[in-house]
Amino acid sequence: MELLTHILGAIATVILAFVVGMSYGGIVRKITARVHNRIGPPWYQNFIDAFKLYGKTTAIHHGWMQIMGPAFLMVSSVVTLMFIPVLTNGGWFPNLNFEGDLIFLLYLMVFGPLGMALGAGQTGNPNSAIGVTRGLSQMVGFEIPWVMALVALMIQFDTTSITGLMEAQAQSGTWNMFSSPFAFIAAVLAMLGMFRYSPFDIVGAPTELASGPVSENGGKYLFTMMSSGSIFAFVKLTLYVDIFMGGADNLVILLLKTFSIYMIPVLYGIVSPRYRTEQAIRFFWGWPLFFGVLALIYASIF
Amino acid sequence: MEMIYLIFIIFLGGAVATYLLGKINGVLRDITFLATLIVPAVLFYTQVSIGQTVDFSMSGMNLQWGITDFGYIFAYIVLGLGVLAGIYAVAAMKGKENLGFFYSNYILSIMAMMGILFSRDLVSFFIFWEIMTWSSYLMVVFSGKDVQKVGIKYFIFSAVGAYAMLMAIVTTYSLTGSMMIDSLVTAYPGFDFSMQLLIPILLLIGFGVKSAMMPLHVWASGSYSHAPMAYTAVFSGALSKMGIYGMIIVIVSLVSQIPEGHWFREVIAWLGGITAVGGTLWAVAQDDAKKLLAYSSVAQLGYIIVGVGVGTPLAMLAALFMAVMHGLFKGTLFMAVGAIEKQTGTTNFTEVTGLIRKMPLTFLASLMSIIALAGIPPLGGFIGKWMLYESLVGSDHYMLVIVVFFSSTAAFLYCYKFLFGFFLGQEEPEWAHVKEAPAMMVVPMIIMAIGSFILGVFPGLILNPIDAGLQELGYASTQGRYWEMSMLFNEWGDKVVLQPILYTIIAVFVFFFVFVVAKNFKKTRYVSTKDISSSGEIPKAHENLTFSRGFFQPFLRAVEPLMKHQIDPLYTGFGRGMEAIFDFVRRIYTGNGQTYALYAIIFAVLLLIFKNQLFGL
């Protein structure tokens, strides 16, 4: 019985993440269009795209690794979702929150991109591999300030678990974004790279690489990748809300908080041109790294 | 007869027998070789108990052999890897020349490593250490290529390490009058401070060379890539761990006893961190798989050194667990490279691509080992990484944890390069003839890959003996505090429960795999990697679109400042300077009788001039 509620809760979580992630994607397209002085697609355009892809039949494949690529990607986003407390009190989403910690999460998050990179590699399209190398290089860039922010939180509150950090915020009554501001700044700067909007969108490079890693994929493959991307966006936003903004008691607050934090990379991206890969890496090892070091110093003093 | 003697007699006899049989009959030689590896391994695990010792004296020295709990962990690595790589070697080296010599050297290496673990006194320790160095040196120059460059480098560094160790041993003997390791440990707190510092430093130079610690690592990339791959699996997987074995004993048993030991350990930990970063960056820059794995080994040993240097119970667990894991996955990867070299004749990423459909089992083994190397759950590499980070965060090494994390994130780059370079990308007609490696090569790889999978879910299997070994070194038991059979804890009680994670991962993977494949697979047909649309154009059959040159160029451009400083030119400069001095000395000895006569006269004149000062006349 307990197992059944767990499984049902997990499915509910995945559906929630899918719906929210997809809607956010659509809203972003709309906002981008408005900034560009276009009308833009409706907010539910992403659903239409996704279900159109799902309905298409696939004619060709390049081998088993390509087929496994999307599945690997899904594993990463769904399993990380299982480890992130969606609401502070658990509620309908009693997942595996207590079974893993932040460092585990960091490593699980790269599981998917690496598996997907392998799938992309088997298609033989050079653009896929170029996109992957850019993506991995950029990841090395933003992971450093991101990890610094996390380590700063860990040493400040003597815990490495997400639930522990949420409890610490509930007890003190202040959000971590105020009690450890430098960590928050470093984490937000790292987030710019994590979401791959401009100026860090050279990975997909929509105009010249034909979407980078996902080129050569269509139909159900692309549908799976797209939904995985949406779920993963939700995962990352919820993680930020959980560790920096005290989590959320109910869905409305969760949506408010995640959306407001989502606007940071989106709005920054709309008005930015694109960095080359090495420029992106150097960007992350500049100010974000500086704030990361500040966060570490701040956390070890207080 | 004592079982311990018997094991070494079998090793020695087997080494001689394989060498001699190598000249007579190939099959007999192979069988003897495998028997010499497997029989002592079986005897060791069934007949030798921990704590059992044998004493004997040789030319007035009292020597003692016996295995300890701590040595037992490393015996797993040495014998396990030794036997599996031995089976692999028989198939991999088939058709090569001078095989009797190769096999007997292989056996001698395994014997020497077991001897090091058995030695309870410094004399036999040193003797076995030298046997190990010599047999590995002969393997490095086995191919006969670049002996001057690579072989000499390894030899000089090993010699420096050995002399440092010898000095430490002699100093110990003059101070304590005993050659026993235990008596060194008990007498150590009574030494004066300079001796307390000198002995560990000298020993650590010796061990640091073998474990490729910065700045003593420069031999590693060449030597690992020049030895035959069947041996490199052991060389990098097990032989380098002997350095770690010694290092742990020195740091835990000796350095911890001095009050200032704290700083000493910090230095070691940071050297380990720098080793990890340097090794990783250079690995990313390599286009040759052997070189890539060699630098990666340097980096992985760096993590282990970090753990040893930090030295909290959790860090030690991490270091030892990573030592076992490194033996497993790096052994597999070197074997995979060996298999590819045997089937294609090259190990360069820019030459060979698209092997996934031709060598699927090798790919599977490589994939699992790479996932373990990258530290991604649910494979075993993750356990070691997790414990290392938790121990670093928990013991206030905030900057070091960032350094280590940077290195292990950058490791994803070369992980992908390895898999993509060999197995993925465009399939070229040039490699259409390639077949999967023989079963005797594939089976050991698969066994080891499965091993790293099992340890990823049930780390307790190997943490149990590690715990016993650490208790022998004076640590409190950590079971239940930091780990259970398939659970991990950190200092603050946060945990990772591995089994539900594994089940969730499998369930989600299977679901989406079926989701993508169901109703879909029958309708789809396989098309070759030439049948793609790149930028709206379909490439022609002869067009080679493989992306393998300058693979991580943007990243390397970004980290250029970090890679500008190399230690190798410094050594070369030092070598040149020494050569200049030697050259000058050589010029004195001109070989001309008249010059020597001149020297004699000058000497007599100088004596006359300074006779008052010299003789007080």
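## Helices α4 and α9 of chain A

In chain A, the residues A:L102, A:L105, A:M109 and A:M116 of α4(A) touch A:M225, A:F232, A:K236 and A:L239 of α9(A). Sort the residues of that contact by type and you get 7 nonpolar, no polar and 1 charged. Keep in mind that this is a predicted model.

How do the two helices sit relative to each other? The axes of α4(A) and α9(A) come within 13 Å and cross at roughly 160 degrees. Angles over 145 degrees count as roughly antiparallel, so α4(A) and α9(A) fall into that class. The crossing of α4(A) past α9(A) is left-handed.

## A serine in α9 of chain A

Helix α9 of chain A also holds A:S228. Is this serine buried or exposed? A:S228 has a relative accessibility of 3%, so it counts as buried.

Setting aside neighbours within four places in sequence, A:S228 is in contact with A:L73, A:M74 and A:S77.

## Helix α6 of chain A

Helix α6(A) spans residues 162–172, and its buried residues are A:I162, A:T163, A:G164, A:L165, A:M166, A:A168 and A:Q169. Which helices do they pack against? The partners in chain A are α3 (64–83), α4 (102–122), α5 (126–157), α7 (176–179) and α9 (219–244). That list takes in both α4 and α9, the pair from the opening section.

Just past the end of α6(A), A:G173 adopts a positive phi of about 80 degrees.

## Helices α13 and α17 of chain B

Over in chain B, helix α13 (residues 313–344) and helix α17 (residues 439–457) pack with their axes 9 Å apart, at an angle of about 150 degrees. With over 145 degrees as the cut-off, α13(B) and α17(B) are therefore roughly antiparallel. Here too the crossing is left-handed, with α13(B) passing α17(B).

On the α13(B) side, the contact is made by B:F321, B:V324, B:M325, B:G327, B:L328, B:G331, B:T332, B:M335, B:A336, B:G338, B:A339 and B:K342. From α17(B) come B:M441, B:P444, B:M445, B:M448, B:A449, B:G451, B:S452 and B:L455. By type, the residues of this contact split into 13 nonpolar, 6 polar and 1 charged.

The loop between α8 (193–210) and α9 (220–226) of chain B contains B:P215, and the peptide bond joining B:M214 to B:P215 is cis, with omega about -5 degrees. B:A212 is in the loop between α8 and α9 as well. B:A212 is not a glycine, but its phi is positive, about 55 degrees. With a relative accessible area of 0%, B:A212 is buried.

Another cis peptide bond runs from B:P377 to B:P378, with omega near 5 degrees. B:P378 belongs to the loop between α14 (360–374) and α15 (381–394) of chain B. Then there's B:N98, a non-glycine residue with a positive phi of about 60 degrees, in the loop between α3 (69–92) and α4 (99–118) of chain B. B:N98 counts as exposed because its relative accessibility is 52%.

## Domains of chain B

Chain B is split into domain 1 (260–520) and domain 2 (568–615). Going by C-alpha atoms, the centres of domain 1 and domain 2 of chain B are 55 Å apart.

Conventions: Residues numbered from 1 in each chain as written. Chains lettered and ligands numbered in written order. Predicted model: local features only at pLDDT ≥ 70, side-chain atom pairs only at ≥ 80, totals over all residues. Heavy atoms only, no water. Axes fitted to C-alpha atoms, helices over the stretch in contact; angles between N-to-C directions. Helix = DSSP H or I, 4+ residues; strand = E, 2+ residues; numbered from the N terminus. Parallel < 35°, antiparallel > 145°, perpendicular 65-115°, else oblique. Left-handed = near helix turned anticlockwise from the far one by under 90°. Contact = heavy atoms within 4.5 Å. Nonpolar A, V, L, I, M, F, W, Y, C, P; charged D, E, K, R; others polar. Domains from an automatic or database assignment. Buried < 20%, exposed > 50% of the residue type's maximum accessible area, 1.4 Å probe, protein only.
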